[in-house]
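Dear colleague,

A summary of the findings follows it.

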Amino acid sequence: MITLDGVTKSYNTKGQPAINNISLHINKGEFVFIVGNSGSGKSTLIKLLLKELDATSGSIKVNGFEVNKLRRRKIPKFRRGIGCVFQDFRLLPDRNVYENVAFAQRVIEMPNRVIKKRVPEILTLVGLAAKYKSLPDELSGGEQQRVALARALVNRPNLLLADEPTGNLDPTNSIEIMRLLEEINERGTTVLVVTHNREIVNEMKKRVITLKNGVIISDQQEGGYIEN
């Protein structure tokens, strides 16, 4: 699903690279945590995977695409196979739950009949079928993140990237979101979670890749959070 081979990303010629000669392989269907302190390169890695940034050197393959060689017109098609969830939810405040999720389908011009079938299905999966008419500010933080998750999944991506998905949530909501991500993974979606939440990482017992100063210092199956 993801292969990085000797990838480096430098923002300037003099400073330390944000990502420094990383090689990494993530198989289809895996659930992987990326952890590390602030400045370790986690956010840069996510941006490289989404082609929001271009690598300075090395090769990146994601979901069958050679990311380095992607032409601008092919980027929307590439990103269609990737769902994204962020710390700050990024919901449309003037649209209800249903419309926030349907928006992701309308952007890719999905027919109305498909939207009417798929949006209720995904809202049921995340436990929000009864709140489809609610506006974002009528929901708790945990519910808002579930809407964001539903929106990321409604186009049935092969890969889900979650960047600090529990950063604004309390411990109870955090673990509920992680269990939901686990269920989504069990249904076949590859899940990559960037987090600094050591309690969740230690509890979930998944593969853990630890970054420090742009370098992978640990890659453990069923690992724990390594202080660095």
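Helix H5 (residues 141-153) lies across S6 and S7, and runs at about 165° to S6. Please note that this is a predicted model.

The strands that H5 lies across, S6 and S7, belong to an open sheet of six strands. The order in this sheet is S6-S7-S8-S3-S9-S10, and the pairing is mixed. Strand S6 (82-86) and strand S10 (215-220) form the edges, each pairing on one side only. On average, neighbouring strands of the sheet are turned by 15° against each other, with direction ignored.

Within the sheet, strand S3 (residues 31-35) pairs with strand S8 (residues 190-194) in the parallel sense, over four bridges. Phe31 has Val191 in S8 as its bridge partner.

A further helix, H1 (residues 42-49), also lies across strands of the sheet: S3, S6, strand S7 (159-163), S8 and strand S9 (207-212). The direction of H1 is at about 145° to S8.

One residue in another helix may also be of interest. Thr124 is located in helix H4 (residues 112-125). Is Thr124 buried or exposed? With a relative accessible area of 52%, Thr124 is exposed, because the cut-off for that class is over 50%. Thr124 is 63 residues from Lys61 in sequence, and the C-alpha atoms of these two residues are 33 Å apart in space.

Yours sincerely

Terms used:
Residues are numbered from 1 along each chain as its sequence is written. This is a predicted model: local features need pLDDT of at least 70, side-chain atom pairs count only at pLDDT 80 or more; totals for chains, interfaces and linings use all residues. Side-chain values use heavy atoms; hydrogens and water are left out. Two strands pair if DSSP finds at least two bridges between them. Helices (H or I, at least four residues) and strands (E, at least two) are DSSP runs, numbered from the N terminus. Axes are lines fitted to C-alpha atoms, for helices over the stretch in contact, and angles run from 0 to 180 degrees between N-to-C directions. Contact means heavy atoms within 4.5 Å. Buried means under 20% relative accessible area, exposed over 50%, partly exposed in between (1.4 Å probe, protein chains only).
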